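Please work through each task before reading its solution.

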Amino acid sequence: MSSVAVIDYGMGNLHSIAKALQFVSPESTILVSADPDTIRHADRVVFPGVGAIRDCMEHLKHLNLIEVIQNVSKKKPFLGICLGLQALLESSRESGEVECLGLFRGSVVRFENSLGADGSPLKIPHMGWNAVLQTRAHPLWSGIPQNSRFYFVHSYHAETTDRACIAATADYPGPFTCALARDNLFAVQFHPEKSQTMGLKLLRNFSVWDGRS
Amino acid sequence: MSLAKRIIPCLDVDHGRVVKGVKFVDIRDAGNPVEVARRYDREGADEITFLDITASSEDRQTMVSVVEQVAGQVFIPLTVGGGIRNLEDIRRMLNAGADKVGINTAAVSDPDFVRRAAERFGSQCIVVAIDAKRTGNGSEALHWEIFTHGGRRGTGLDALEWAKKMVDYGAGEILLTSMDRDGTREGFDLELTRAVSEAVSVPVIASGGVGNLDHLADGIIQGKADAVLAASIFHFAEYSIEDAKRCLLSKGIEVRLA
């Protein structure tokens, strides 16, 4: 029986992601945990999170999870979601400059105030269902058509200089990176656990992924 | 392709049953909330909002259990409003599986509650619900006042000023209901919707008065709403969510087709 650890570090409600993983993978054991050993021994790791990046990094430090994440992110199938994508970059410009985990080169920036498609000011947060353009093939995109819509809610987004790691973009109003992938790492800005059929499909793909891309 | 406009069915829940009142009276039974939510999900609802209209706090546990059951089967965003008065109420609903909570009366009696809630749980899950009613005799500039307690109590607060203040305090979204239109099936108060939508930087959900599918499109095109909320037109199967999406699509509005 395989296990999935959902890292519980006090950043938001993890019930949704745990319920969705259990729904798509009844054969897996879902462990919502902050315990380094539990995370280290799981077959797969999900790194979720909503809220402020500064709190996120402080909680990770406080719970001694930084080294664990650095470690498991080198070998196990690893899925970052929302803040769990942003924290993988080198730094974030949310509330000043916050140093992050540095697994992908680049930083996290706010959507700029600009005009949306209809000429009115762009609403921030970017909230709702947006079309996701897959920019490379990946096992986690298996069975998910191009431009499928996923649910987003965020005000900051990743800007990576690792162009080859970009796995998808979405438009708001211009294209921004909404998925990153390298080796056993995959991270999405949207919420698969709230994206109905296509989100569940992605989670199902993750639950059987061997970590090779 | 870009961000889709959202259609949000709203379930008014009383003692664990879906009901729909006309101007908050004359309540009709519309079914089991878990079954209704599953149907909306299948039809392509973009989110679901539950409004707990149960008066007594002992019945609040019923709502928690409804949310838990829905969240185990329906994987789209869920919002719960009604009776959210303190941080513990929010925590309990989020733990049950809600993604956002709607705060209405408690925000008026203590605006700082919104700030504390946004700091603790993040703006993304704080929806400030505003019930607004037109005031004045029509000869002056348009003006709307905030009402609380299900539309029974005036506050003297100006709706536009209040919406801006709530966004400053950390609201991630505004759920705007016209008390003049709620339950009338005459369509949204489009002037109100547009005024608020243009005044704030966060998404605005238009609510109150939907009687047909054209009203939904009007809320988006003329009212500039980011999302539209309706209850009765969906409950009694007059229209499905899919009908609504096809109608919006035919008017050039981007929607998510399930």
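**Exercise 1. Charges over rings**

Identify the ring over which the charged end of B:Arg115 sits, and treat B:Arg256 likewise.

Solution. The charged end of B:Arg115 lies over the ring of B:Tyr169, at 4.3 Å from its centre. The criterion is that NZ of Lys or CZ of Arg is within 6 Å of the ring centre and within 35 degrees of the ring normal. For B:Arg256, the ring is that of A:Trp129, with the charged end 3.7 Å from the ring centre.

This is a predicted model, in which local features need pLDDT of at least 70 and side-chain atom pairs count only at pLDDT 80 or more, while totals for chains, interfaces and linings use all residues. Residues are numbered from 1 along each chain as its sequence is written, chains are lettered from A and ligands numbered from 1 in the order in which they are written, and side-chain values use heavy atoms, leaving out hydrogens and water.

**Exercise 2. Aromatic pairs**

State how many aromatic pairs there are over all chains, then classify the pair of A:Phe47 and A:Phe78.

Solution. The count is twelve aromatic pairs over all chains. Rings of Phe, Tyr and Trp (its six-membered ring) pair if their centres lie within 6.5 Å; planes under 30 degrees apart count as stacked, over 60 as edge-to-face and the rest as tilted. A:Phe47 and A:Phe78 form a tilted pair, 6.1 Å centre to centre with 55° between the planes. The pair links strand S3 (residues 44-47) of chain A, which holds A:Phe47, to strand S4 (residues 78-81) of chain A, which holds A:Phe78, 31 residues apart. A:Phe47 has 0% relative accessibility and therefore counts as buried; A:Phe78, at 0%, counts as buried too.

In chain B, B:Tyr40 and B:Phe234 form an edge-to-face pair, 6.3 Å centre to centre and 70° between the planes. Because B:Tyr40 lies in helix H1 (residues 33-43) of chain B and B:Phe234 in helix H9 (residues 232-235) of chain B, the pair ties together parts 194 residues apart in sequence. Both B:Tyr40 and B:Phe234 are buried.

**Exercise 3. Helix packing**

Describe how helices H3 and H5 of chain B pack.

Solution. Helix H3 (residues 87-96) of chain B and helix H5 (residues 112-121) of chain B pack at about 40°, with axes 10 Å apart. Axes are lines fitted to C-alpha atoms, for helices over the stretch in contact, and angles run from 0 to 180 degrees between N-to-C directions. H3(B) and H5(B) are therefore oblique to each other: angles under 35 degrees count as roughly parallel, over 145 as roughly antiparallel, 65 to 115 as roughly perpendicular and the rest as oblique. Among the residues making the contact are B:Leu87 and B:Ile90 of H3(B) and B:Phe113 and B:Ala117 of H5(B).

Note on methods:
Helix = DSSP H or I, 4+ residues; strand = E, 2+ residues; numbered from the N terminus. Buried < 20%, exposed > 50% of the residue type's maximum accessible area, 1.4 Å probe, protein only. Contact = heavy atoms within 4.5 Å.
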